[in-house]
Every structure is written in C-alpha cells, then in structure tokens.
Amino acid sequence: MVHAMAYEEYTNEDLLAEYKRCGDNKMKQELVLRYSYLVKAIAMQMRGIYINFAEIDDIINEGIIALMGAIEKFDISKNVKLETYASLRIKGTIVDLVRKQDWIPRSVRKKAKEIDKAAMDLYEKNGVMPEDSEVAEYMKMSLDKYYKTVGAMNLYNVISLDSIVTEFQDSFNVMPLSGQSDTEGSPIESLQKKELNKVLIEAINDLSDREKLIISLYYRKELSMKEISNILEVSEPRVSQLHSSAIRKLRIALQPYVN
C-alpha cells in the first residue's frame with residue numbers, strides 16, 4: 001500500500017497503476033489533484049460555448065466530476081493515455097451541459113442541415129469537398145450572407161463534432177484526433193477504428209492549408225479562437241468561419257461511420 005507521504009515518489013502512471021490494483025480512495029484523490037490542470041485548460045479553451053449561461057467555476061466543478069469518472073472507468077490495459085481519455089470525457093461533459101440548455105435556435109439547426117446537405121450534394125456530384133463559394137452559389141446565397149450564416153453555426157458544428165467523437169470514444173476508449181496508437185480489442189473493433197481513422201485522415205487532407213492549421217491549433221494545441229486569431233493575424237470572426245467550415249466537412253465525412 002502506498003502511503004500518502006510517499007505519493008510524490010510515484011509518477012502519474014505508476015500511481016494510476018497502483019490505484020487500479022488496490023482501489024485506494026486517497027490515491028484517486030491524489031490523481032484528481034495531479035490531473036486537475038486538464039479541467040482548467042479545457043474550461044478556458046471551451047469558454048466560448050458556455051459563457052452565456054455558466055460561470056467558469058461551475059464548469060470546472062463539473063469537469064472535476066468528469067475527471068473522477070474518467071479515472072474510475074479508465075482501462076489501463078489499453079494503449080492510450082489517461083490525459084487523452086480524460087480530456088475527451090471532460091469536453092463531452094461541457095458539450096452535454098450546453099446541449100441541455102437547448103440555446104441553439106431552431107433556425108440555426110435548420111440552416112446547418114441545409115448547408116450540410118448542399119455540401120454533400122456537391123461532394124457526391126464532383127467527388128471533392130466544395131469551396132464555400134460553390135456552396136453559396138448552389139444555395140443561391142451571397143457569399144457574405146453565407147459567411148454570416150456559417151459564423152452563427154460555428155458552435156453548433158463544434159458541439160456536433162464533439163458529440164460524434166464522444167460516441168466513438170465511448171466505444172473504443174480513444175480519441176481519433178489525438179494521434180494515439182491503436183487500442184487492443186476485438187478484431188472488429190480494431191478494423192472499425194482503423195477505418196474511421198483512415199476516413200478522418202482523408203477528410204483532414206481535403207481541407208485547405210489554413211483549415212488544417214486551425215484544426216491542429218484548436219484540437220491538438222488546444223488554443224482558444226482568440227489565440228488562433230492572433231497567430232494567424234486575422235479577425236476572430238474569420239477564424240470562426242474557417243473553423244466552422246472545416247468542422248462541417250469533417251462531421252459530414254465521419255457521420256456515416258458512427259451511426
């Protein structure tokens with residue numbers, strides 16, 4: 001049994017392994033303290049999607065609960081880091097809170113589906129993801145109005161993609177955007193995961209260079225939209241537009257594989 005005074009002698013991985021072996025609650029509390037930085041970082045990154053109805057302290061509290069659940073449910077035998085698994089659980093909790101508020105106007109949801117359908121129609125016709133200008137023309141909209149509509153859809157698209165990724169993670173205990181190695185599991189699970197990752201990689205490769213960069217900065221580097229706008233030296237609304245466009249394309253590509 002590891003005594004409280006000796007916790008500092010253990011790495012996070014060793015302490016996690018020991019907790020999984022003996023289930024000592026004090027070890028779990030220590031692990032929550034060590035990984036609480038994830039909750040704070042994610043709460044700050046996703047602040048834009050809950051700022052209208054929740055304080056960051058409330059979100060952090062919910063995130064800590066999600067972290068505790070992630071530590072409890074984490075399968076140490078799988079080839080994936082706890083940080084990856086817990087991060088997606090925490091993000092999923094925030095997304096669920098937003099969805100329960102039902103704050104996204106019905107008109108935005110309707111327009112999002114219309115734009116998705118238009119993009120898919122053009123994709124099926126031409127074999128490549130259409131440019132924004134092509135979708136706008138197809139829908140008989142001015143490009144300016146299209147961008148305003150896409151901007152309003154941004155949070156809807158973030159929530160939609162996170163929901164899809166959460167569904168995938170629930171099944172396989174891994175986040176596709178993390179770049180982690182394949183988890184061990186049944187042959188069917190392994191094939192499904194490889195197929196989805198292949199589709200995701202292909203979808204990302206179809207994005208523009210700027211869209212790829214935004215996806216990388218937001219999901220891998222976990223920067224906020226404001227931080228990304230400073231790096232790219234463009235306005236935050238423009239980053240929002242590009243991000244929304246990229247997420248919509250990825251969501252369309254992934255949807256058939258998680259239904």
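## Lys140

In this predicted model, Lys140 sits in the loop between α7 (132–138) and α8 (143–172). Its phi is positive, about 60°, although the residue is not a glycine. Most residues other than glycine have a negative phi.

The relative accessibility of Lys140 is 78%. That value is over 50%, so Lys140 counts as exposed.

## Glu233

Glu233 is placed in the loop between α11 (225–232) and α12 (236–258). This residue, again other than glycine, has a positive phi, near 60°.

Glu233 has a relative accessible area of 74%. With the cut-off for exposed at over 50%, Glu233 is therefore exposed.

## The aromatic pair

The count of aromatic pairs comes to one. Its members are Phe74 and Tyr85, with ring centres 5.6 Å apart and ring planes at 45°.

## Burial of the two rings

Are Phe74 and Tyr85 buried or exposed? Phe74 has a relative accessible area of 5%, and Tyr85 has a relative accessibility of 4%. Buried means under 20%, so Phe74 is buried, and Tyr85 counts as buried too.

Technical notes:
Residues numbered from 1 in each chain as written. Predicted model: local features only at pLDDT ≥ 70, side-chain atom pairs only at ≥ 80, totals over all residues. Heavy atoms only, no water. Phe/Tyr/Trp six-rings, centres within 6.5 Å; stacked < 30°, edge-to-face > 60°. Buried < 20%, exposed > 50% of the residue type's maximum accessible area, 1.4 Å probe, protein only. Helix = DSSP H or I, 4+ residues; strand = E, 2+ residues; numbered from the N terminus.
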